[in-house]
Each structure stands twice: as structure tokens, then as C-alpha cells.
Amino acid sequence: MTTAELAAPPAEERAQAEYLLEARKIEVTYDRVAIAIQGVSLGVPAGGRVALLGTNGAGKSTTLRALTGFLPSEEIEVTDGEVIYEGESLVGLRPHEIARRGIALVPEREKVFMTLKVMENLLSTPVGSNRASRAEGLERVFHFFPQLERKTGLIAGLLSGGERQMLALGMALMTNPRLLLIDEMSLGLAPVIVEELVGVLSAINRELGVGLLVVEQNAEVALGLADHAYIIESGRIVLEGTPQRLREHEDVQEFYLGRRASRDGEAASYQDVKQYRRKRRWYG
Ligand SMILES: Nc1ncnc2c1ncn2[C@@H]1O[C@H](COP(=O)(O)OP(=O)(O)OP(=O)(O)O)[C@@H](O)[C@H]1O
Ligand SMILES: [Mg+2]
């Protein structure tokens, strides 16, 4: 398989893709001058499982935030392209307006109110687009996270990292979303906890038909959970495809899965040359 095939899915595959949420060539600028991401296009079908994989500073959080809206006080805006949800543009809408449409963000930081109890955190969320009742919301949350039900009276700051992530996911579920956008769920958590959370996310996707867009630095999590994945580097999508296709790609193996490609005659001291080649392969 050639890189060109990987980078650009066949035209018929693109044409058939029906996205619930789609970013079309978006550019996001901080402080009016600093362009953080450029020409980023990606889509999440209804009930789909999509991953955005990239290293530190690649533009993953910026992309998610562009899809979920900015506050008026923030010096950040979508300066080019479109974000389309159910055929309607989301650009310029505020976070609460986007959340009301059924898109729930689990942010990278400050995902729960640390000084409030677990139950207070869950009840702090607005009801979703279909006006689901609080009781239904809590039932849904405790079905997927029974562990939280036993800790409802505990201050969130006393939860373990894994439980805090469960609470953040639970708060998103309270809104009865059609789409869950999750920023680095696996960060700082033990592999066994991450595995458990991935299992719960799969169940949420399967049982409720909730679409997932997970942002990850952890390739195993991203490729294990998704049925379509994008790789972002320096603010641009450099590769996309099914997890299987991406796993077969030499650069993904080397740079994201930590498996050194065995290319005859190439010594480690040729790192620079290799970096250059890698860029050429992805951008060329
Ligand atoms: N509020 C901000 N003001 C100015 N620049 C910002 C701001 N937030 C992020 N950036 C810049 O935008 C670029 C992308 O950052 P972003 O947080 O989207 O990356 P990321 O892929 O989520 O990284 P990480 O894995 O570390 O979370 C970086 O160069 C970063 O410095
Ligand atoms: Mg981030």
C-alpha cells in the first residue's frame, strides 16, 4: 500500500461518508496571530468511533475546542473553514449552545468541580437536547459507572484519577448526548484503568448509539477504540484511515507504537535524515 492511498481514502469512500459532525478545512488562531491548526478536516458519523492521535502540542485540544465552541472572553477563533453539525454551522456558537445540541465535551483539564460532591457534580450539568430528566440521567450514569453510585457523597477532589475520569464521563452522559468528545482520557491513568474505561466507552457507543471522538497521545487506546483514526502533527492532519491501515504504516509503527522499523543499512545517527524522509512521506 502506498502512502498516497493511506493519506487520501478513495473518492467513493469519502462521498459515501455521512457525518453527524464535520470539520471542513478549519483554521484556528490564538491571540489574532498564532495559527494553531490549519486545514483540518475530519468527520464523525452518527454512532461512529473516531480517534484523533497526536503528540504534545500537535493541536488536538484546539481541534476539539473548535468543535465545541469558545467563550467570548477567550482570544481564540475559527478563522477559516467550517464546522457542520446536522447540516448546520457551529462556528461562532457558544459552548452551552453547542452542548444543548447534543455534543458533550470531556475536557483535558478542569473536568470536574473538585470541591463539590460527586452527586453535586452530576446534578450541575444541564439537561440534554431532549430534556431528559435528571433521574434518567443518573440511571444512565450509574448503569455504566456503578462505582460512582457508591461514592455520590464524596468530594470529587478525593476521588482517584480513574474515578474522576468516570465522573467527568458521567457528567457528559447526564446531558444525554449524541456525541461524546473526549480529550486525553488515558492521561496519567494506569493501563488497567484505561482498559476498563475503554470497555465502558465501547458499551456506551454500542448500547446508546452515542458517537465518539477521542483525542489521544496513546496510539494503542486510539487505534483500539476507533473504527477510523486521524493523525495530527503541527496543526495538520498528516494521515487517516482505519486502525488496521494505520497500524501497517511504517511511521505509525515507529513513532506512535514504539516499534523500530528495521531498515537495512540505516544507523541511528541518521535520525535527521529519517525525520526529513518522514516529513517528505507525509506531506509529499
Ligand atoms: N490559549 C492559548 N494561547 C496561545 N496559544 C495556544 C493556546 N492554547 C494552545 N496554544 C498553542 O496551540 C498549539 C496546539 O496546542 P494544543 O493544546 O491544541 O495541543 P495538544 O495536541 O492538545 O497538546 P497536548 O497533548 O500537550 O495536550 C500549541 O502550539 C500551543 O502552544
Ligand atoms: Mg491537549
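User: Where does Ser234 sit?
Analyst: Ser234 is in the loop between strand S9 (228-233) and strand S10 (236-241). Keep in mind that this is a predicted model.

User: What's the phi at Ser234?
Analyst: Positive, about 45°, although Ser234 is not a glycine.

User: And is Ser234 buried or exposed?
Analyst: Exposed: its relative accessibility is 62%, and the cut-off for that class is over 50%.

User: Which other non-glycine has a positive phi of about 45°?
Analyst: Glu110 has one. Glu110 is in the loop between S6 and H5, and at 79% relative accessibility it counts as exposed.

User: OK, on to the metal. What coordinates the magnesium ion?
Analyst: Ser61 through OG and Glu108 through OE, at 2.0 to 2.4 Å. Ser61 belongs to helix H3, while Glu108 is in the loop between strand S6 (103-106) and helix H5 (118-123), so the pair ties together parts that are 47 residues apart in sequence.

User: How accessible is Glu108?
Analyst: Glu108 is partly exposed, at 22% relative accessibility.

User: Now ligand 1. How many residues surround it, and which are closest?
Analyst: There are 14 residues around ligand 1, and the closest are Asn56, Gly57, Lys60, Thr62 and Glu108. By class, that shell has 3 nonpolar, 7 polar and 4 charged residues.

User: Which polar atoms lie 2.8 Å from an oxygen atom of ligand 1?
Analyst: An N or O atom in the Ser61 side chain is 2.8 Å from a ligand 1 oxygen, and a polar side-chain atom of Glu108 is 2.8 Å from an oxygen of ligand 1. Ser61 and Glu108 are also the residues that coordinate the magnesium ion. On the backbone side, an N or O atom of Ala58 lies 3.1 Å from a ligand 1 oxygen.

User: How much of ligand 1 does the protein cover?
Analyst: The protein covers 61% of the 630 Å² of accessible area that ligand 1 has on its own.

User: Which element gives the largest share of the shell?
Analyst: Helix H3 (residues 60-68), with 3 residues.

User: How many residues of H3 are buried?
Analyst: 8 of the 9, so H3 is largely enclosed by the rest of the structure. The buried ones are Lys60, Ser61, Thr62, Thr63, Leu64, Ala66, Leu67 and Thr68.

User: What comes just after H3?
Analyst: Gly69, which takes a positive phi of about 95°.

User: How far is Arg247 from Ala219?
Analyst: They are 9.3 Å apart, C-alpha to C-alpha, and 28 residues apart in sequence.

User: And Glu22, is it buried or exposed?
Analyst: Glu22 has 19% relative accessibility, so it counts as buried, given that the limit is under 20%. Glu22 lies in strand S1 (residues 21-30).

User: What does Glu22 contact?
Analyst: The side chain of Glu22 has a polar contact with that of Arg24, at 3.2 Å. Beyond its neighbours within four places in sequence, Glu22 contacts Leu42, Gly43, Glu82, Val83 and Ile84.

User: What about Ala34?
Analyst: Ala34 is in strand S2 (residues 34-44) and is partly exposed, at 37% relative accessible area. Not counting residues up to four places away, Ala34 touches Val28 and Thr29. Its C-alpha is 9.3 Å from that of Ile76, 42 residues apart along the chain.

User: Zooming out, how many helices and strands are there?
Analyst: The chain has 13 helices and 10 strands. Of its 284 residues, 46% count as buried.

Notes
Residues are numbered from 1 along each chain as its sequence is written. Chains are lettered from A and ligands numbered from 1 in the order in which they are written. This is a predicted model: local features need pLDDT of at least 70, side-chain atom pairs count only at pLDDT 80 or more; totals for chains, interfaces and linings use all residues. Side-chain values use heavy atoms; hydrogens and water are left out. A residue is near a molecule or strand if one of its heavy atoms lies within 4 Å of it. A polar contact is a pair of N or O atoms within 3.5 Å; within protein, one must be able to donate a hydrogen and the other to accept it, and residues adjacent in sequence count only if both atoms are side-chain atoms. Accessible areas come from the Shrake-Rupley method with a 1.4 Å probe; for residues, only the protein chains shown count as cover. Helices (H or I, at least four residues) and strands (E, at least two) are DSSP runs, numbered from the N terminus. Ala, Val, Leu, Ile, Met, Phe, Trp, Tyr, Cys and Pro count as nonpolar, Asp, Glu, Lys and Arg as charged, and the others, Gly among them, as polar. Buried means under 20% relative accessible area, exposed over 50%, partly exposed in between (1.4 Å probe, protein chains only). Donors are N, O and S atoms within 2.8 Å of the metal (3.2 Å for Na, K and Ca); water is not among the atoms, so sites may look incomplete. Contact means heavy atoms within 4.5 Å.
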